[in-house]
Amino acid sequence: MRASAVGFGLIVALGASACGGSAPLGRREVALREAGLGEAAMKRGHPVQAARRYDAALAEARALDDRALVARLLVDQAVALVRAGRCDLADVRAGEVMRSQDGPLRARAALVRASCARSADPAREALAVARAAAGKDGCLLATADCSEGALLAASEPGRAAERYRAAAGRACEQPDVVALCSYNEGRLAMRSAAPARAATAFARSADAAARAGDAAAVAAALHGEALARDADPAASADLARRAGHAAWSAGRYPLAAEAFALCARQFGRSGRDEEAGTCRDNGSRALDRIAPSPPADGAATAAPAAAP
Amino acid sequence: MSQPFKLRYQNEIVGVFLVGAFVVILLAVLLVARDGREIGDGFECEIVFREPGVGLLREGVAVRVQSQRAGIVTGSSVGEDGHVRAHVVLSNSMRYAISTDSSATLYTPMAGLAGEPYIEIAIGKAPTRLAIGGQIEGAVAGDVLQLTTDVLRVLRSDLGPSLMALRKISERGDRMLAKAEMILELPATATAAEAMFARADRAAERAERALERTLGLLERLEGTLDKTDAALAGAGRLVSRIEKGEGLVGRALADPVMERRVVELVGRLAGTLDTVERLMAQTGKAVAVAPELVAEGRAALRDMAIVAAELRRIAPAVPSMAGQVEELLGEGRAVLGAVERHWLLGAQLRPKGAPAPLPAVGIRDDAGAPDLEALRRALAPRARGAVDAR
């Protein structure tokens with residue numbers, strides 16, 4: 001009887017420890033897990049979700065008072081926020097990192113500030129900071145070069161071209177940097193009325209952006225290539241259509257509308273009216289996502305257009 | 001009259017108590033007799049345990065069939081062959097239920113500490129019933145606590161890495177799903193697919209009509225060539241008659257100059273005839289093959305139509321399938337999250353280091369925001385049949 005009671009007690013204790021005694025994760029583990037989920041969300045192309053994950057990770061890292069981890073998470077969150085189109089929030093995070101950190105983290109934060117700057121001067125200042133903090137990191141320096149080229153492209157195309165050449169000399173193979181630099185080069189070629197060169201650069205940019213998993217960059221590059229291949233309406237229309245779909249999937253509805261409008265125009269030129277009509281419909285839907293079109297007379301109660 | 005109640009009805013009260021006691025005793029006897037009959041009137045059989053490690057098998061251990069008490073162990077013995085035999089009395093109600101291929105399992109309580117052992121008989125499927133004194137094969141169930149410990153050990157050593165792999169698969173599936181979502185969210189994909197199918201159908205019909213027309217043309221060409229052949233044969237006959245100087249025309253053409261001309265004409269006609277014959281031979285082959293081609297083309301078009309119809313049928317189900325997959329992945333993630341938090345397995349899944357930093361952002365030489373009004377005008381629907389001015 002006594003043995004049975006002891007056995008019963010042991011079993012109850014074992015059951016309780018196995019079923020209910022789950023030890024919570026430590027703060028650092030939670031922070032790392034949330035950061036990993038944020039990175040996964042970014043790879044899936046969901047920057048808003050990623051920013052939320054980084055927020056949760058930051059809360060834990062701040063509670064741990066791990067400054068290096070906090071700075072790292074702040075930069076990653078800032079990048080996610082830039083992709084999500086919330087430069088106002090990204091700028092605050094980047095500023096916090098720049099006040100406390102040096103080295104590559106400071107350089108990356110400065111690049112965030114530069115890309116969020118509303119005018120050229122603060123952007124140049126931020127790029128100078130990034131250049132100084134980047135040290136010998138070729139990809140960070142190439143990003144700074146290409147960013148500076150973008151600032152100079154409209155006013156001083158010659159200097160912009162120099163910057164792009166300098167970036168190419170850094171031998172950075174990182175797809176996102178290649179995508180950025182090639183896109184900017186394509187834009188410069190378009191400004192210089194060299195569509196063939198522009199088309200090549202945009203194609204390279206689209207390829208690199210696809211490897212980097214950046215749908216918005218893919219859309220922008222395809223749209224640029226479609227514009228560059230204006231002389232070939234069929235090819236241009238096809239590229240514009242792809243650009244529209246990519247922009248739609250990235251949530252860049254203005255770009256999607258623009259690309260579908262180009263697609264409709266080029267298909268119209270090719271005499272493919274049916275496909276032109278489809279592009280036009282898609283473009284209208286993209287426009288409705290930006291700002292719903294006003295209802296026609298007597299159509300105030302009409303059902304909204306089905307989401308494509 | 002002055003006596004109290006209990007004295008006045010003393011005899012009746014005693015009588016009621018006696019009757020009540022008698023009824024209770026009678027019921028008890030009946031119940032005992034009933035139980036005794038159930039077991040006592042049962043039939044005997046043996047359960048042979050051939051494997052070692054038969055413990056806690058003693059007189060009085062219950063025998064169950066489908067969790068219902070059906071008998072009792074009356075004793076056990078070890079035979080010369082070393083096998084343990086449990087002597088069992090089973091209720092008569094089980095007489096026709098237990099077949100010769102039934103098996104018995106001795107269940108022992110957790111670690112031999114709590115609960116009572118029992119034997120569970122699993123009824124077999126053989127048509128022959130177990131005879132009185134027959135044997136059933138017995139086995140011993142593993143100790144539940146030991147089994148649980150083994151399972152936990154296996155879980156800890158094997159399930160952890162498996163769950164890691166599962167987690168990676170889940171994340172990969174998630175990424176795939178995200179891509180599928182991207183595809184599914186593409187604007188007017190369904191409309192475009194519908195239009196594409198409609199175009200394919202129309203193209204198929206056009207191709208079929210074109211093939212039929214080609215066949216008709218080939219048949220007509222064959223007829224024309226037959227007629228040409230006949231006409232040329234007639235011309236040949238006429239020329240031969242002229243060569244022989246027959247008839248009025250032959251005589252009229254007896255002139256040497258005319259003769260030379262006629263000979264040249266005949267040579268040219270012969271060359272033309274050869275060409276026509278070669279053409280006819282080739283056309284004849286083509287005509288012979290054409291029906292086959294048409295039939296194959298028709299079959300291919302029919303297959304295309306079937307495939308198109310199937311795709312059209314499947315297409316609406318794809319979003320819901322994606323939704324179900326997403327739900328499944330969500331549940332999987334929840335399970336993995338719970339496992340991750342568990343002390344026993346969490347260590348296998350906890351993040352070991354910080355993930356790779358995100359790539360840096362830079363300034364893009366983007367064009368400004370588009371003019372929405374201009375876009376709206378460019379994208380305005382046009383009247384059917386309108387031609388693009390550009």
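Begin with chain B and its contacts: among those with a separation of 6 or more, 71% are between residues 24 or more positions apart. Keep in mind throughout that this is a predicted model.

**Stop 1: chain B as a whole**

Color chain B by secondary structure. Chain B has 390 residues, and 13% of them count as buried.

**Stop 2: Leu90 in chain B**

Select Leu90(B). Leu90(B) sits in strand E4, residues 84-90 of chain B. Is Leu90(B) buried or exposed? Leu90(B) counts as buried, because 23 C-beta neighbours lie inside 10 Å and the cut-off for buried is 20 or more.

Now show what Leu90(B) touches. Leaving out residues up to four places away in sequence, the list is Gly42(B), Phe43(B), Cys45(B), Val63(B), Ala70(B), Gly71(B) and Ile98(B). Next, pick Ile132(B). Ile132(B) is 42 residues from Leu90(B) along the chain, yet their C-alpha atoms are separated by 9.8 Å.

**Stop 3: chain A as a whole**

Switch to chain A. Its secondary structure is 15 helices and zero strands. Of its 308 residues, 52% are buried. Look at contacts in chain A between residues at least 6 apart in sequence: 51% of them join residues at least 24 apart.

**Stop 4: the nonpolar cores**

Select Ala78(A), Val112(A), Ala130(A), Ala219(A), Ala221(A) and Ala259(A). These residues have the most contacts inside the largest nonpolar core, which has 111 residues. A second, separate core has 24 residues, including Phe49(B), Ala86(B), Ile121(B) and Val140(B).

Zoom in on Ala78(A). Which residues is Ala78(A) in contact with, leaving aside neighbours within four places in sequence? They are Ala90(A), Arg93(A), Ala94(A), Ala109(A) and Val112(A).

**Stop 5: two loops with positive phi**

Select Asp65(A). Asp65(A) lies in the loop between helix H3 (47-64) and helix H4 (67-83) of chain A. Its phi is positive, about 60°, although Asp65(A) is not a glycine. Asp65(A) counts as exposed because it has 8 C-beta neighbours inside 10 Å, and the limit for exposed is 12 or fewer.

Move on to Ala193(A). Ala193(A) is in the loop between helix H10 (175-191) and helix H11 (195-212) of chain A. Phi of Ala193(A) is also positive, near 55°, and Ala193(A) is not a glycine either. With 8 other C-beta atoms within 10 Å, Ala193(A) is exposed.

**Stop 6: helix H11**

Follow the chain into H11(A). H11(A) has 18 residues and reaches 25 Å from its first C-alpha to its last. That is close to the 26 Å expected at 1.5 Å a residue.

Highlight the buried residues of H11(A): Ala198(A), Ala199(A), Ala201(A), Phe202(A), Ser205(A), Ala206(A), Ala208(A) and Ala209(A). Keep the spacing of a helix in mind. An α-helix has 3.6 residues a turn, so residues three or four places apart point the same way. What covers the buried residues of H11(A)? The cover includes H10 and helix H12 (215-228) of chain A. Just after H11(A), select Gly213(A), where phi is positive at about 75°.

**Stop 7: H12 against H13**

Show H12(A) with helix H13, residues 233-249 of chain A. Their axes come within 8 Å and cross at roughly 160°. That makes H12(A) roughly antiparallel to H13(A). The crossing is left-handed. On the H12(A) side, the residues that meet H13(A) include Val218(A), Leu222(A) and His223(A). On the H13(A) side, residues including Leu239(A), Arg242(A) and Ser249(A) take part.

**Stop 8: H8 against H9**

Now find helix H8 (residues 138-152) and helix H9 (residues 157-169) of chain A. They pack at an angle of about 165°, with their axes 8 Å apart. H8(A) and H9(A) are therefore roughly antiparallel. Their crossing is left-handed. Among the residues that meet are Cys146(A) and Leu152(A) in H8(A), and Arg163(A) and Tyr164(A) in H9(A).

**Stop 9: helix H14**

Finish at H14(A), residues 253-269. What should the 17 residues of H14(A) span at 1.5 Å a residue? They should span 24 Å, and the end C-alpha atoms are 24 Å apart, which agrees. H14(A) is mostly covered, with 14 of its 17 residues buried. Just after H14(A), select Gly271(A): its phi is positive, about 80°.

Terms used. Residues numbered from 1 in each chain as written. Chains lettered and ligands numbered in written order. Predicted model: local features only at pLDDT ≥ 70, side-chain atom pairs only at ≥ 80, totals over all residues. Helix = DSSP H or I, 4+ residues; strand = E, 2+ residues; numbered from the N terminus. Expected span 1.5 Å × (residues − 1). Core = buried A, V, L, I, M, F, W, Y, C linked by C-beta atoms within 7 Å. Contact = placed C-beta atoms within 7 Å. Axes fitted to C-alpha atoms, helices over the stretch in contact; angles between N-to-C directions. Parallel < 35°, antiparallel > 145°, perpendicular 65-115°, else oblique. Left-handed = near helix turned anticlockwise from the far one by under 90°.
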